[in-house]
Amino acid sequence: MTTVTAVTGNAEDADNPYALSHLDALESEAVHIFREVAGEFERPVILFSGGKDSIVMLHLALKAFAPAAVPFSLLHVDTGHNFPEVLDYRDRTVERHGLRLHVASVQDFIDRGELRERPDGTRNPLQTVPLLDAIDKGRFDAVFGGGRRDEEKARAKERVFSLRDEFGGWDPRRQRPELWQLYNGKHSPGEHVRVFPLSNWTELDVWQYIAREKIELPAIYYAHEREVFARSGMWLSPGEWGGPKDGESLERRQVRYRTVGDMSCTGAVDSDADTIEAVIAEIAASRLTERGATRADDKMSEAAMEDRKREGYF
Amino acid sequence: MSTNTTAGTSTGAAGIIEAGATSLLRFATAGSVDDGKSTLVGRLLHDSKSVLTDQLEAVERASLGRGQETPDLALLTDGLRAEREQGITIDVAYRYFATPRRRFILADTPGHVQYTRNMVTGASTAELAVVLVDARNGVVEQTRRHAAVAALLRVPHVVLAVNKMDLVDYAEPVFAAIAEEFTTYAASLGVPGWRSGGNLQDKWCTAIPISALAGDNVVSPSANMDWYGGPTVLEHLETVPVVDDPSQDPARFPVQYVIRPQTAEHPDYRGYAGQIASGVLRVGDAVTALPSGRTSTIEAIDALGQAVDAAWAPQSVTVRLTDDLDISRGDLIAPTATAPDLSQDIEATVCHVADRPLTVGQRVLLKHTTRTVKALVKDIPSRLTLDDLSPHPAPGELAANDIGRVTLRTAEPLALDAYADSRRTGSFLLIDPADGTTLTAGMAGNAFAEAAAEAAVADGADDDEGWDF
């Protein structure tokens, strides 16, 4: 999170032939979590949005079970306002690895009248209902999410194994203590467990790992020229989802995305970082958090994330 | 895994990745309510420039909204609505920050007596614990409790942060007296001079005089305490040695999952996936699978995509054996020469973490490494009074936050090491079979006071017997 300049590591640690770098330590821990779930649950599923965190999750799962296939299917909650480049990436990835993809569509729920469009047009909070419906219908008992504790202060309180009640709800006061590396996956029928293998990773860790492992990402993570318009202090992409409106004007700018979510609430940042090295340098020097820079939905109130998580959001 | 058969080359492909090849320190904070723990954490994050502009603006906005004139740094860490409303920390939160020398995972644990279990949660994975003391009050019951929990959980290092030195005129005698009292108490826990892996810890506890509010000795050296020649809190966190020498410890490999692709490309592949809990595994090692006792030889080790000759804790790997044994999740692979004993009778020190009590005669599930078995609570011989370490005999049950001794009988034999030998293979959970509630955190073997006495003897007798934390 802070400025990381050229580093040679701690001399005492570097001298020890058994020292693991922090990336190796995080990778090893995440793989352990994936394998625990494979060993203890009947029907796990990976939430996969085509965003960088879920891409890293999938990469870790591929490594954890190689040379066998990943023993989980994927679930994408499609808000209907996704970036086309990201949907394209999602479909190519699923095909390349021979995976099974479930799609839960917010648009379907709106079309059926089971969800109502919000006045502000953002569909991010609407994802919870289709997500819980898909978990219920798929009878999934473990749901991997790419959430990281460094993203947000309610997330900082989240366990690696997070028990959710029959309504998918999170009660921060009733969380199980999580001791050593002994994850308790026991749950009653109807309950499920959310699992966050990237809990201990930061945004910078994710990017450094992407660089080390040479993982391909959707191109919108790198600086490119694109038509954007300003709203609430962010650069948004135009689209049928509802922008630009009267008084908002399009302009061409050199931008990139730090997070990739719903187009209606995910902003781009001005950037000329068009390589992974440049992106890492940019993040290391940034004085804004990932969500603070690019997410409108977390600014709604001091407890926006906590409130959504209580309702079943990931 | 960037490490190959040559140990210690944690180097990435490109130069930029070198910036990431730092080590990781997991540490926990503990302190009584109002000792200034949130302020210390806020100061550590703020002065190490780990708080970003938007987070600080959010804190300023919220502080102003409450009529406070200066930003309340505690709001950086109190992430839940109820915590902000009450101004207290309820639950463990994990925070992340980095300096050019090291990356840190901080388990920020609450100070309230009723949340001792949360300190146990934070300390279970910590390599260092910061125990905060108010310089005006000195060592209090909660300080002893936190020191005892850190010792019990075998956290390798403790920092005694004597806070609010600004309120005692930065007086050295005040600090010296508190440090002395704490060190004497720590000695009664048997911790100074204990071992971590193969490395002798010359000092378990480091005392640092600070003012979290004024910023003395947290990140920057204090101009107000020139009598103090030691490191700041951050400097100590950056330099404390955390790497064990796993070659000193017997290898333990709990099998998590059996990988059998059954594809045209890999028709006969059978790999045992897991995270090495302790020690080093090498190709060619003669190994025994427990509990069956069948023996074989390590044919290959796959370190996440790369064949290696050796791997060590805590790497996640896949191991293949020369023989097709019947091995499944929950089994333990260990070198034949140093395989652990099997037992169905367990003595342990436990911390009870659930609201409902643990009682004699209760039927529970016991999770040890990757194995979960049925167990019976046969006896609860004593409950520990943490402030003076005296045992309270035959309490009959343990309530939330109690620490005590229990004896258990398991339905199947377990390969359990003493917690004194391995935090990883000596720890277990007790789980309520009815609804899956985590009841109790268990540490196999002797209580720490007894273990300390024995270790003192062992230390004199055999200097090479290392403890693994």
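**View 1. Helices α7 and α8 of chain A in a predicted model.** The axes of helix α7 (residues 203-213) and helix α8 (residues 276-285) of chain A come within 10 Å and cross at roughly 165°. Because of that angle, α7(A) is roughly antiparallel to α8(A) (angles over 145 degrees count as such). The crossing is left-handed. Axes are lines fitted to C-alpha atoms, for helices over the stretch in contact, with angles from 0 to 180 degrees between N-to-C directions. Helices (H or I, at least four residues) and strands (E, at least two) are DSSP runs numbered from the N terminus.

**View 2. Contact residues of α7(A) and α8(A).** Glu203(A), Leu204(A), Trp207(A), Gln208(A), Ile210(A) and Ala211(A) of α7(A) meet Ile276(A), Val279(A), Ile280(A), Ile283(A) and Ala284(A) of α8(A) (heavy atoms within 4.5 Å). By class, this contact has 9 nonpolar, 1 polar and 1 charged residues.

**View 3. Strand β22 of chain B and its partners.** Strands β21 (residues 363-368) and β22 (residues 371-385) of chain B pair in the antiparallel sense over 6 bridges (pairing requires at least two DSSP bridges). Leu366(B) has Val373(B) as its bridge partner in β22(B). The two strands form a hairpin with 2 residues between them, and Thr369(B) in the turn has a positive phi of about 45°. β22(B) also runs antiparallel to β25 (residues 403-414) of chain B, joined by 6 bridges, and Asp379(B) stands opposite Thr407(B) in β25(B).

**Model notes.** Residues are numbered from 1 along each chain as its sequence is written, and chains are lettered from A in the order in which they are written. In this predicted model, local features need pLDDT of at least 70 and side-chain atom pairs count only at pLDDT 80 or more, while side-chain values use heavy atoms, leaving out hydrogens and water.

How values were computed. Parallel < 35°, antiparallel > 145°, perpendicular 65-115°, else oblique. Left-handed = near helix turned anticlockwise from the far one by under 90°. Nonpolar A, V, L, I, M, F, W, Y, C, P; charged D, E, K, R; others polar.
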